[in-house]
2 protein chains.
Amino acid sequence: MSSCLSLLLLLFPILGTLPTANSLPAFFPRAGYYQYLTKESKVINQKIPYKTHYFPQILDHFTFQPKSYEIFYQKYLINGQYWHRGAPIFVYTGNEGDIDWFAANTGFLLDIAPKFRALLVFIEHRFYGESLPFGKDSYNSAETLGYLNSQQALADFSVLIRSLKQNLSSEASPVVVFGGSYGGMLAAWFRLKYPHIAIGAVASSAPILQFDDITPRSSFYDAVSQDYKEASLNCYEVIKGSWTELEAFSAQKEGLHELSRTFRTCKDLRSLDFVWDWLWSAFVYTAMMNYPTEANFMMPLPAYPVKEMCKIIDGFPPGASKISRVFAAASLYYNYSHGEKCFELENEHDAHGLHGWNWQACTEMVMPMTCSKESMFPPSGFDYKEFSKGCKKKYGVMPRPHWITTEYGGKRIDQVLKRSGGNIIFSNGMQDPWSRGGVLKNISSSIIALVTDKGAHHVDFRSSMKDDPYWLRELRSQEVEIISKWIDEYYADLKLRVDNA
Amino acid sequence: MSSCLSLLLLLFPILGTLPTANSLPAFFPRAGYYQYLTKESKVINQKIPYKTHYFPQILDHFTFQPKSYEIFYQKYLINGQYWHRGAPIFVYTGNEGDIDWFAANTGFLLDIAPKFRALLVFIEHRFYGESLPFGKDSYNSAETLGYLNSQQALADFSVLIRSLKQNLSSEASPVVVFGGSYGGMLAAWFRLKYPHIAIGAVASSAPILQFDDITPRSSFYDAVSQDYKEASLNCYEVIKGSWTELEAFSAQKEGLHELSRTFRTCKDLRSLDFVWDWLWSAFVYTAMMNYPTEANFMMPLPAYPVKEMCKIIDGFPPGASKISRVFAAASLYYNYSHGEKCFELENEHDAHGLHGWNWQACTEMVMPMTCSKESMFPPSGFDYKEFSKGCKKKYGVMPRPHWITTEYGGKRIDQVLKRSGGNIIFSNGMQDPWSRGGVLKNISSSIIALVTDKGAHHVDFRSSMKDDPYWLRELRSQEVEIISKWIDEYYADLKLRVDNA
């Protein structure tokens, strides 16, 4: 039986929370649903015009034990082709995956670099990609994983950026940080906590209010459901009804075998849960990736894939089973390039090294989620006790469910940031279910919410395409305009300071 | 031979850096010069109208190892006699000593509490007073001391305040933080890093710019010297010349014995260094405590004690030795109450548990200081290599000299905080040598510098006295006015929010 509860343990979809079909106590999801990614993404990675560097980073910024001083090598990417000394530095605050992948999917920075003559820097998050403090032992236990958290990551960024500017003899360069999803949370928090390092932050699809019940627990799945409902009411209803049909197979003698045939699995299924997860992921990720043009982030997908999925579901002849319809729809997600002869539902491949998110979700990144009766998923609640027991069992430590709001705030954020902070863009597309946990209203004259009805998960950070719709071009140009203002102000402030000295 | 260089290793005068006379490599100072304090300060402590509480605090906020979750009991004091639910909470962010002592010397909060109907909370800093994470083993080694630093302390405050408000069912109460000296640095940083917890900060005599060469290294001792020079040029010259006279004793056969007589020591001196330290401390602390009325913070002292010391020095008959003059002047500091028959120069007593500062000064609180040729102390430089070698030898870890400015900023602070932050008062008195490392100019309409020519070390935080001069009353009333504005704005913002909801 699946449950929305498990979601909070999972990979942040794309960069976040993934659903699981495992019933408790097999509480922790397998690593993810991106097993068909490597072919395309490797091609992209080879094309990204960045040089790789490694920075000797300190293990623990916040204690001063001998061990704290140990060094690991943090990977970062640089493109300086448009830059000159003193010009701006744009830093992507890397999230929970290898940094090449984020660089490949954040073409926006390359697009705008010439205008600003900006240096581009992508910093990998500790414990992801190659930036492993304990090498292959990094994930061994809470003793090593203990150092994987957002505060240490922000301090890494601060130390690295400061050192980089010094090495470039360009300490007066203004730094703007950019991030999407969890990376967007980091970018916003970085501007709030380290305003002396970054003059501004562009936080795309950053659900910084997804914690501690600031945002209703059911909002994420309600938003996913909304996307499908908007595309077609029938489509929404088929998906909503498909779970019961799916479950009926478990009562049948040859149920799993039949399902294996229906889902064209390469091997006979051992459990219904795999199908459950496979479908769930397809629907959630497709909602997040509901981009207006063809794209390949998690998977290659057509423009507006939710609509395409619903077309498939609605296109079946009357009387077709819901299961056959949802399988066909999910195949769009898993097999848009038509390369797959069969599907390996039980074979996961963590192509972008995202599994560290499970640890983060079990310690500080606690985002309780439920499925309401109105969602297209089976209704379910959230049991904190079960959740924390699962975390303790898996990692040996308990979650700190109120820590994020204690450390970074979030409650009554409008009132707080009206009298502090400044220079942040929160961009959200309402197609993206994460948007519900984002900042959707302007807070002050310099803390701005840019909201688009049709946008999906950090669509603004993708490379501009000739077929981009007007609203997307407009969104990006608003961002450029605001960033320009920050930079102009910075240089004007600097000049005033020099003139007065 | 004494050296200004050693200063940065020492207790923050009063709450900070103490001089040492020990030549290298006997690099680390004895704990302090407050050995005659207990009698008076105990009397004061008994009078403070606070109830003592203990909060179960987490050991390490920034890692998630099993050990991080260990609990220690953090002491805090509460006075709720004027408070009602929903009214403001004034929190003193405790610094490097036992919290009772700071409460006893921060009468300002008690004076203004009725006007604001404020709850008063004094939180003890981890590793000081009774708030020892490892009990009597807390200072054993870097393994335990590693958790003593300002970031952990700020997180402690955040967690404790949030929990307290919840327990009081008063989550909408605005919190204003107050702190003096290092506590003032913590208050200012707390407002910058935790604006969601505190709506404003009053940072009195907080030298947040004493790091990383933002403030010239010689400024502290130049300022001390300036105080004496302003009182009397002759006085300054006598002190300046006394060090050579003192050193001449070391060449004499019976020099130490003679000095012991001159300095009325209880036991014969074993080293010139003790005299050196004893004098040095008297001059530095008296400059810091150059209050306009009688006071007893480190020591009981008359009003404007620098002037009184200089009167003593200037009042000797012509031909009197410089040494006899400076001894008499220093006796004002050590024996204003005339209770001492002899002086125990070699017998230290850390009455307020300040010794943890040595660790902090050796890890993150690196404040290089020198004595210029113009100061009244012997000229000396700062050798970082020697300094860090000394720290490594004593504690087993190296200093992180650029960490404070990386974590909290400081460089070009005016430019940075013009576009972020808000609601901070930086108050400084120019008689206080620490003022030179403080924020002395307004940064924005809500980040305000209040500077008084005659003020000494956080004089504004002392209880009001009937003899307080006009400028001091004025300073305090400006502070009250600004705090009122923050609180009014807060409630207005809150009302607007509720009205719009």
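**Note on the predicted two-chain model**

1. A:Phe134 is buried, at a relative accessible area of 19%, where buried stands for under 20%, exposed for over 50% and partly exposed for the range in between (1.4 Å probe, protein chains only). A:Phe134 sits in the loop between strand E4 (119–123) and H4 of chain A, with helices (H or I, at least four residues) and strands (E, at least two) taken as DSSP runs and numbered from the N terminus. Leaving out residues up to four places away in sequence, A:Phe134 touches A:Leu59, A:Lys67, A:Glu70, A:Phe127, A:Thr144 and A:Tyr147, a contact being heavy atoms within 4.5 Å.

2. Residues are numbered from 1 along each chain as its sequence is written, chains are lettered from A and ligands numbered from 1 in the order in which they are written, and side-chain values use heavy atoms, with hydrogens and water left out.

3. The interface draws 61 residues from chain A and 61 residues from chain B. Together the two chains bury about 5200 Å², of which 49% is on carbon and sulfur atoms; buried area here is the accessible area (1.4 Å probe) that two parts lose on being put together, summed over both. Of the area that chain A buries against chain B, A:Phe64, A:Arg400 and A:Arg419 supply 16%, more than any other three residues.

4. Between chain A and chain B there are 49 residue pairs in polar contact, both residues being at pLDDT 80 or more. A polar contact is a pair of N or O atoms within 3.5 Å; within protein, one must be able to donate a hydrogen and the other to accept it, and residues adjacent in sequence count only if both atoms are side-chain atoms. The elements of chain A that give two or more residues to the side touching chain B are helix H4 (142–145), helix H5 (150–167), helix H6 (182–193), helix H13 (356–363), helix H15 (403–408), helix H16 (413–418) and helix H17 (470–500). By class, that side of chain A has 23 nonpolar, 20 polar and 18 charged residues, where Ala, Val, Leu, Ile, Met, Phe, Trp, Tyr, Cys and Pro count as nonpolar, Asp, Glu, Lys and Arg as charged, and the others, Gly among them, as polar.

5. Over all chains the structure holds 39 salt bridges, and the count between chain A and chain B is 10, a salt bridge being a side-chain nitrogen of Lys or Arg within 4 Å of a carboxyl oxygen of Asp or Glu. One salt bridge joins the side chains of B:Lys418 and A:Asp493, at 2.9 Å from N to O.

6. At 11% relative accessibility A:Asp212 counts as buried, and its salt bridge with B:Arg162 has the closest N and O atoms 2.8 Å apart. A:Asp212 lies in the loop between E6 and H7 of chain A and B:Arg162 in helix H5 (residues 150–167) of chain B, so this pair joins two chains; B:Arg162 is partly exposed, at 21% relative accessibility. A:Asp212 also forms a salt bridge with A:Lys411, the closest N and O atoms being 4.0 Å apart. A:Lys411 is partly exposed, with a relative accessible area of 42%.

7. Within chain A, the side chains of A:Glu386 and A:Lys389 meet in a salt bridge of 3.7 Å, N to O. Because they are three residues apart in helix H14 (residues 384–395) of chain A, the two are separated by about one helical turn. A:Glu386 is partly exposed at 27% relative accessibility, whereas A:Lys389 is exposed at 55%. Elsewhere, salt bridges that share partners join A:Lys418, A:Arg419, B:Lys485, B:Glu489 and B:Asp493 into one network.

8. In chain B, 12 of the 12 residues of H6(B) are buried, so this helix is largely enclosed by the rest of the structure. B:Thr363, in helix H13 (residues 356–363) of chain B, is buried at 0% relative accessibility. Neighbours within four places in sequence aside, B:Thr363 is in contact with A:Phe64, A:Tyr69, B:Val397, B:Pro399 and B:Arg400.

Conventions: This is a predicted model: local features need pLDDT of at least 70, side-chain atom pairs count only at pLDDT 80 or more; totals for chains, interfaces and linings use all residues.
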